[in-house]
Amino acid sequence: MSADDFLAQLRAHVGAQGPRHEARHPITGTGIADWCDAIGDTNPLYTDEEAAAKSRHGGIVAPPATLDIWDRPGLPAQARFRPQGLPAADDPRSKVLRMLENAGFVGVVAVNSELEIVRYLRPGDVLTNTQTLEEISEEKQTGLGIGHFVTTRQRYETVDGEHVGDLLFRILKFRPGTGKTAAADPNAKPAPAADPALRPRPAINRVNQALFDGYRAHELRIPKCSECGRLFFPPLPRCSECGSFDIGYAVASGHGTVYSYTVVHYPQVPGFRYPIVTALVELEPIDGQVVRFLADMVGVTPDAVTIGMPVEIEWLDSHPAQVEDATDSRGPISLPQFRPATPTRRAQTLSAAEVSEGERLPIWTLPLSPTHIVAGAIATRDFQDVHHDRDLAHKKGSADIFLNINTSLGYMQRFVTDWTGPEAVVSALRVRLGAPAYPYRPLTFSGSVQSVDAGIGRVVVAVQAVNDLGPHVTGTVELELPT
Ligand SMILES: [Zn+2]
């Protein structure tokens with residue numbers, strides 16, 4: 001069959017509307033709480049009956065980013081797990097996706113997701129959705145591979161016919177292994193390998209032994225004169241205040257602020273990922289004394305670092321032991337690094353008058369682990385293997401498991417509503433996906449207020465989440481704040 005004939009067969013389904021699909025179960029408080037645990041969202045309106053009863057909602061509500069998770073078919077949607085006798089899904093998108101898979105387009109990534117929230121969902125709601133297949137692109141060459149974009153719209157109602165929201169959703173189905181590879185520049189030097197074990201081992205001696213012993217236990221020790229109590233850094237054999245050689249240590253909390261920083265691009269040596277942000281961090285006072293500590297920053301792009309930015313420690317276990325039980329340079333090495341501190345959730349909701357256009361939200365860095373990715377996928381009821389099974393992710397052309405779009409949306413919602421406070425009402429979440437969010441690549445969320453209409457309390461926040469591969473999500477959160 002020619003590509004044109006295949007496209008014509010696919011496009012025969014465009015405009016088709018699926019049957020009204022009803023969720024198998026009502027929304028439950030347990031399902032909501034699992035989502036909150038996976039996303040780390042502690043907004044009490046989702047889990048605390050008493051706080052929720054006093055809120056504008058009058059009771060527990062589901063987070064707005066969950067609109068499209070409750071009526072998902074769950075694991076039986078995967079052919080391998082479908083119970084005998086249960087027919088395959090017959091909505092237009094499922095039909096088209098099967099045709100694409102049979103034609104070799106087995107890779108899949110979500111590209112756009114736009115949720116419009118008409119009203120917040122509540123435990124006990126039983127959702128239905130009606131899907132319309134809106135568009136199928138012609139065959140396109142993308143970075144991931146040759147494929148087709150498939151766009152659907154879903155209208156969500158309760159079983160009583162109350163309209164609660166809408167979703168525009170676009171995915172790319174592609175042939176693994178057909179991605180664009182950048183033309184090799186014959187003059188380009190390859191970047192040095194970034195495995196931290198390739199770094200030179202630090203020289204451990206009498207002066208800094210106690211510090212490195214602490215680092216191994218992930219304890220940030222600061223030299224302290226045992227005579228006069230003065231704290232200082234870097235370590236010295238002798239107190240510059242009183243001259244004593246009796247030097248002990250104090251333990252720092254690991255929290256501080258950026259006092260100054262520089263960005264290192266060159267020379268590039270093995271063991272580091274460039275560019276490197278090196279920061280002079282003013283540590284939280286210890287015994288009333290302020291100490292500044294020099295270390296690398298991680299989980300942040302250089303342009304997002306600001307003077308005064310709150311930071312917290314992140315340990316790097318950089319070198320395995322060369323000699324068992326060695327406590328000198330041949331022992332295991334851990335190094336202190338800093339990342340942007342996790343912003344605290346605002347307890348009192350901002351009013352629209354307190355927000356100004358252009359205002360930046362505090363940066364949030366999420367050290368993304370496989371557990372974050374798998375927990376997010378399961379809590380959003382997404383059983384696509386690429387989000388939990390590394391072997392199958394490899395087979396489908398992906399370097400690793402990756403974050404599903406609903407979890408990205410969840411994190412984005414949490415990032416913005418932690419900043420606004422619990423009673424902000426989200427009316428829309430719109431994202432475009434870029435670089436995949438793989439494990440062990442920290443995701444840094446930044447945002448700024450795009451517009452404020454103080455009269456009606458409408459605020460739009462632009463959000464971006466970036467990892468070292470580039471922007472992962474770019475989007476907006478539209479909300480209503482108290483006026
Ligand atoms: Zn002293």
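The entries below go from the whole chain down to single residues.

**Entry 1: the whole chain**

I noted at the outset that this is a predicted model. I then checked the overall extent: along the principal axes, the C-alpha atoms of the protein chain fill a box of roughly 85 × 60 × 40 Å. The protein chain holds eight helices and 18 strands. I looked up burial next, and 33% of its 483 residues count as buried. For contacts between residues at least 6 apart in sequence, I found that 70% join residues at least 24 apart.

**Entry 2: two domains**

How is the protein chain divided into domains? Domain 1 takes in 3-182 + 346-480, and domain 2 takes in 196-340. I read off 39 Å between the C-alpha centres of domain 1 and domain 2. Where the domains meet, nine residues of domain 1 are in contact with 10 residues of domain 2. On the domain 1 side, strand E14 (364-366) and strand E16 (443-453) each supply at least two of the touching residues. I sorted that side of domain 1 by class and got five nonpolar, three polar and one charged residues.

**Entry 3: helix H2**

I turned to helix H2 (residues 29-39) and asked which of its residues are buried. They are Ile32, Trp35, Cys36, Ala38 and Ile39. Looking down the axis of H2, I see these buried residues within an arc of 165 degrees, so they line one face of the helix. A reminder to myself: an α-helix has 3.6 residues a turn, so residues three or four places apart point the same way. What do the buried residues of H2 pack against? I found H6 and helix H8 (405-420) there. After H2 comes Gly40, with a positive phi near 75 degrees.

**Entry 4: helix H5**

Just after H5, I marked His218, where phi is positive at about 55 degrees.

For context, most residues other than glycine have a negative phi, and most peptide bonds are trans. I went looking for exceptions.

- Phe233 and Pro234 are joined by a cis peptide bond, with omega about 5 degrees. I placed Pro234 in the loop between strand E7 (221-225) and strand E8 (247-251).
- Tyr274 and Pro275 are also joined by a cis peptide bond, with omega about -5 degrees. Pro275 belongs to the loop between strand E9 (255-264) and strand E10 (276-283).
- Asp287 is not a glycine, yet its phi is positive, about 50 degrees. I found Asp287 in the loop between E10 and strand E11 (292-297).
- Arg381 is not a glycine either, and its phi is positive at about 60 degrees. Arg381 sits in the loop between helix H6 (370-379) and helix H7 (390-395).

Are Asp287 and Arg381 buried or exposed? Asp287 counts as exposed, because it has 9 C-beta neighbours inside 10 Å. Arg381 is buried, because 21 other C-beta atoms lie within 10 Å, and the cut-off for buried is 20 or more.

**Entry 5: His388**

I stayed in the loop between H6 and H7, which also holds His388. His388 counts as partly exposed, because it has 19 C-beta neighbours inside 10 Å. Leaving out residues up to four places away in sequence, I listed Val374, Ala377 and Ile401 as the residues His388 touches.

**Entry 6: Ser94**

My last stop was Ser94, in helix H4 (residues 92-102). Ser94 is partly exposed, because 16 other C-beta atoms lie within 10 Å. Its contacts, not counting residues up to four places away in sequence, are Ala88 and Ala89. How far is Ser94 from Leu133? I read 10.0 Å from C-alpha to C-alpha, for a pair 39 residues apart in sequence.

Technical notes: Residues numbered from 1 in each chain as written. Predicted model: local features only at pLDDT ≥ 70, side-chain atom pairs only at ≥ 80, totals over all residues. Domains from an automatic or database assignment. Contact = placed C-beta atoms within 7 Å. Helix = DSSP H or I, 4+ residues; strand = E, 2+ residues; numbered from the N terminus. Nonpolar A, V, L, I, M, F, W, Y, C, P; charged D, E, K, R; others polar. Buried ≥ 20, exposed ≤ 12 C-beta atoms within 10 Å, placed from the backbone. Arc of directions from axis to C-beta.
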